[in-house]
Amino acid sequence: MSVSVTRLVSRIVSPVVGVLHATGVCSTVFLLRGFESLRWRVGQTGAWREYRHARRTVPAYAAFLKREQHNAPALFTDIPSMDKANYITQFPLESRCVGGAFPTNGLLIDESSGS
């Protein structure tokens, strides 16, 4: 399938995948035998959906992608990997949050020392 067709299918299927995840269908029905291929495609669509959301709403991630001279990927392997050195230590914690700010309620921060 061409990249443009894959993106079009992803944009059409993405809302459906969102509903499936929200209702818990993905974690119950798709675990049954025989749904492996569908489960893989739903997972991929969900991952692309999260990638696009983070690219649009997380300032540090958008800056990271720009710094890495990253354009729209065709495959997951085209997305640059993040690590402590190239992402965590390079961007303030707030900019790594959706909207570039800490949530107003329900905030819990748990960071590891990296050991």
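Colleague: Why is glutamate 68 called partly exposed?

Modeller: The relative accessibility of glutamate 68 is 36%. Buried means under 20% relative accessible area, exposed means over 50%, and partly exposed lies in between (1.4 Å probe, protein chains only). The value of 36% falls between these limits, so glutamate 68 counts as partly exposed. This is a predicted model, in which local features need pLDDT of at least 70 and side-chain atom pairs count only at pLDDT 80 or more, while totals for chains, interfaces and linings use all residues. Residues are numbered from 1 along each chain as its sequence is written, and side-chain values use heavy atoms, with hydrogens and water left out.

Colleague: Where is the place of glutamate 68?

Modeller: Glutamate 68 is found in the loop between helix 4 and helix 5. Helices (H or I, at least four residues) and strands (E, at least two) are DSSP runs, numbered from the N terminus. The chain has five helices and zero strands.

Colleague: How do you know whether alanine 60 is buried or exposed?

Modeller: Alanine 60, which lies in helix 4, has a relative accessibility of 1% and therefore counts as buried. Beyond its neighbours within four places in sequence, alanine 60 is in contact (heavy atoms within 4.5 Å) with Tyr87, Phe91, Ser95 and Arg96. The C-alpha atoms of alanine 60 and phenylalanine 91 are 6.0 Å apart, although 31 residues separate the two along the chain.

Colleague: Why are the buried residues of helix 4 said to be on the same side?

Modeller: The buried residues there are Ala60, Tyr61, Phe64 and Leu65. They cover an arc of only 135 degrees around the axis, which puts them on the same side of helix 4; the arc is that of the directions from the helix axis to the C-beta atoms. Helix 3 and helix 5 are among the parts that cover these residues.

Colleague: What makes up the largest nonpolar core?

Modeller: A nonpolar core is a set of buried Ala, Val, Leu, Ile, Met, Phe, Trp, Tyr and Cys residues joined through side-chain atoms within 4.5 Å. The largest one has 11 residues, including Trp48, Val58, Ile79 and Phe91. Helix 4 (59-67) and helix 3 (36-57) each supply at least two of its residues, and helix 4 gives the most, with four. In soluble globular proteins, nonpolar side chains tend to be buried together.

Colleague: Why are Phe102, Leu107 and Ile109 called a nonpolar patch?

Modeller: Patches are made of residues with over 30% relative accessible area and no salt bridge; like charges are joined within 9 Å, and nonpolar side chains (Val, Leu, Ile, Met, Phe, Trp, Tyr) within 5 Å. Leucine 107 has a relative accessible area of 46%, so this residue passes the limit of over 30%. Together, Phe102, Leu107 and Ile109 have about 260 Å² of accessible area, computed by the Shrake-Rupley method with a 1.4 Å probe, where for residues only the protein chains shown count as cover. Leucine 107 lies in the segment after helix 5 (84-88).

Conventions. A salt bridge is a side-chain nitrogen of Lys or Arg within 4 Å of a carboxyl oxygen of Asp or Glu.
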